[in-house]
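Hi,

Here's the structure I promised to pass along. Have a look at it first, then read on for what turned up.

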Amino acid sequence: MCDESWIDAVFRGFAVVTVHGAGYLLSPDFPPKDRLMPHSKKQIRNIAIVAHVDHGKTTLVDTMFQFAGTFRKNQQVQERAMDSDAQERERGITILAKNTAIDYHGWRINIVDTPGHADFGGQVERTLRMADAVLLLVDAAEGPMPQTRFVLRKAFENGLRALVMINKIDRPDARVSAVLDEVFELFIELGAHDDQLDFPVVYGSGRDGYAVLDMKDERTDLKPLFDMLQKHVPAPVQDDAGALQFQAATLDHDDFLGRIAIGRVKRGTIKNGQRVALCHPDRSKATLIPVKGLFRYEGLNRVACEEVKCGDIAVVAGIEEFRIGDTLCPPEQQDPLPPIHMDEPTISMEFFVSNSPFAGQEGQFVTSRQILGRLEKAALRDVALVLVPPDSSEAGEGYELKGRGVMHLGVLIENMRREGFEFSVGKPRVILKKVDGKLCEPYERTSIDVPTVSAGKIIEYFGRRRGEMTHMEPFENSSRIEFLVPSRGLIGARTALMTLSQGMAILSHVFECWRPDGGPLPMRQNGVLIADRTGDSIPYGMFGLLDRGTFFIAPGTPVYEGMIIGENNKDNDLGVNVCREKKLTNIRSAGKDDNVKLPPPHVMSLEEALEYLEDDELLEVTPKTLRLRKRMLSEMERKKQTRKDNKAARV
């Protein structure tokens with residue numbers, strides 16, 4: 001073996017070194033004698049960080065990296081380093097669960113950063129398979145929220161122990177003692193057993209990078225948090241010599257490596273180049289294939305390795321046949337792990353090839369084959385998405401995709417338009433199913449934080465949408481109101497709540513149960529303004545229609561017959577001509593006319609547009625434009641269909 005001081009001098013600042021063929025980690029914070037430690041001798045801990053949206057999961061991981069020395073002191077790292085997806089950084093939320101590993105004083109801590117939004121709960125359910133415990137973050141001011149309940153319930157269902165961190169204790173409105181009591185009550189409500197109720201707690205701030213065991217302690221660094229992880233996270237079962245079992249919990253794709261499967265080695269050791277059997281309990285025949293690439297996580301990077309032992313998280317590359325829930329086993333001992341079961345989807349949406357007059361002008365991928373292939377790829381990577389086979393779908397010429405919520409499907413739609421796809425989607429529909437012979441619909445536990453002066457309007461609004469108020473708690477100048485609301489009653493609710501509360505309402509919700517169909521809900525109160533011809537919108541023509549309603553388009557926007565250009569002040573749909581120009585005569589010249597002044601248009605986001613749709617409308621999605629339109633573009637065809645529907649209703 002080489003001289004230790006020579007190793008220290010040559011390899012200072014490197015993350016991994018190789019000496020006589022063995023892999024070693026180098027941490028400049030350790031004394032020289034403790035600095036080198038073989039990978040195989042490290043103690044492994046697997047933890048998932050779970051919390052409600054915006055309670056600080058990803059920010060905490062950033063400061064854990066800094067404290068453990070994962071990054072060099074002069075290394076430039078962007079904030080929320082784990083949120084690598086463009087939409088994650090734009091929306092400020094975690095959409096995809098991600099893995100990382102931190103080496104700390106001879107310990108290897110594998111961390112899964114999970115989404116907090118209930119629409120992406122499918123990411124939480126399957127990634128918990130890789131953890132032995134969860135670190136539950138709770139905001140010191142907001143306390144447990146609906147999605148806190150969701151992620152904690154999933155952890156208990158997987159038999160995991162929960163460790164608690166009360167985060168953001170530096171907030172001026174923090175109420176640490178009350179929040180801790182609420183967390184304890186939530187544990188009891190979710191049926192935690194005695195060992196789970198005896199949970200360890202630290203208090204801290206992920207943004208400022210400190211944790212304390214007692215509120216009176218000095219706030220210096222995250223050592224109390226790491227000590228809690230080392231002491232209370234159970235060690236994974238070590239069975240390195242057993243027959244291999246590796247189950248894929250997450251799939252990814254790399255342009256050079258092909259399909260990538262991320263999961264935990266449940267038993268045995270997986271080796272690069274090893275010949276394995278790809279098994280699943282629902283398939284009678286296994287596929288024999290070699291492991292073409294093997295990696296482990298070191299910080300944010302995937303590092304190539306020759307083997308990964310039991311209890312650790314591995315990345316297997318190059319097996320195109322991999323599906324989520326598949327197990328790698330030795331060919332001579334095929335013993336697949338149980339499949340990963342998911343909660344059922346609650347929302348469905350139809351995807352169509354665009355047939356508008358502007359179809360194909362902006363998109364690169366416009367055919368049904370290309371759209372179907374992209375939806376199949378999305379359903380493969382995210383098992384919470386369910387693509388209904390085209391031959392059994394009720395979507396007619398389109399494709400039906402089921403998911404967890406409007407945002408869940410909205411993220412996919414936004415990704416597709418950024419990739420160059422052009423298509424149309426229908427109104428999000430709630431999925432119904434029979435329970436004990438009764439037709440039931442999904443109900444969601446909903447929490448709204450709203451200024452107290454607006455609480456009455458919020459209660460009245462959800463009362464009309466068949467919401468059942470279960471709890472109301474006042475704070476200083478605001479109130480938290482909880483409801484049980486049908487999922488279809490929440491479609492369009494976010495925009496309405498912003499209007500009722502002057503933009504101050506904070507809405508969060510999570511699936512609770514299935515209940516009998518509650519009957520019809522009030523539809524959109526206002527009709528729409530529909531362009532009656534194709535052309536460019538003219539300021540003069542739009543100015544003459546200001547008293548009719550609110551416009552969704554700006555002057556100069558190309559429109560076509562059947563395109564929705566605004567909202568009518570009345571409850572009926574109205575065809576209008578926004579392409580009308582002012583006729584000039586030999587008496588009046590254009591230069592003498594008064595300048596036309598129009599109010600700014602109401603520009604909707606993707607989620608707002610999806611929630612605005614009615615059954616007879618579509619949203620046309622292109623890489624550059626979002627257009628609301630009628631399914632039937634011709635006014636004559638719409639009138640014929642209305643008469644036909646009225647006749648059928650009378651019969």
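Before we start, one term: strands here are DSSP runs of at least two residues (E), numbered from the N terminus. Also keep in mind that this is a predicted model.

Searching the whole structure turns up three cavities of 30 Å³ or more. The second largest cavity has a volume of about 40 Å³. Which residues line the second largest cavity? They are Arg129, Met130, Gln247, Ala249, Arg264 and Lys266. Two strands, S11 (245-254) and S12 (258-267), each give at least two residues to that lining. Sorted by class, the lining has three charged residues, two nonpolar and one polar.

Now for a pair of helices. H3 (residues 57-68) and H9 (residues 223-232) have axes that come within 11 Å and cross at roughly 95°. Angles of 65 to 115 degrees count as roughly perpendicular, so H3 is roughly perpendicular to H9. On the H3 side, the residues that meet H9 are Leu60, Met64, Phe67 and Ala68; on the H9 side, they are Lys223, Leu225, Phe226 and Leu229. That contact has seven nonpolar residues and one charged residue, with no polar ones.

Last stop: Asn110, which sits in strand S6 (residues 107-113). Is Asn110 buried or exposed? Its relative accessible area is 2%, so Asn110 is buried. Leaving aside residues up to four places away in sequence, Asn110 touches Ile44, Arg45, Asn46, Ile47, Thr100, Ala101, Asp312 and Ile313.

Cheers

Terms used
Residues are numbered from 1 along each chain as its sequence is written. This is a predicted model: local features need pLDDT of at least 70, side-chain atom pairs count only at pLDDT 80 or more; totals for chains, interfaces and linings use all residues. Side-chain values use heavy atoms; hydrogens and water are left out. Axes are lines fitted to C-alpha atoms, for helices over the stretch in contact, and angles run from 0 to 180 degrees between N-to-C directions. Helices (H or I, at least four residues) and strands (E, at least two) are DSSP runs, numbered from the N terminus. Angles under 35 degrees count as roughly parallel, over 145 as roughly antiparallel, 65 to 115 as roughly perpendicular and the rest as oblique. Contact means heavy atoms within 4.5 Å. Ala, Val, Leu, Ile, Met, Phe, Trp, Tyr, Cys and Pro count as nonpolar, Asp, Glu, Lys and Arg as charged, and the others, Gly among them, as polar. On a 1 Å grid over the protein atoms alone, a cavity is a set of points where a 1.4 Å probe fits but cannot get out, and a pocket is an open set with protein on both sides within 12 Å along at least five of seven lines; lining residues have an atom within 4 Å of a point. Grid points are joined across faces, edges and corners, and a volume is the space filled by probe spheres set on the points. Buried means under 20% relative accessible area, exposed over 50%, partly exposed in between (1.4 Å probe, protein chains only).
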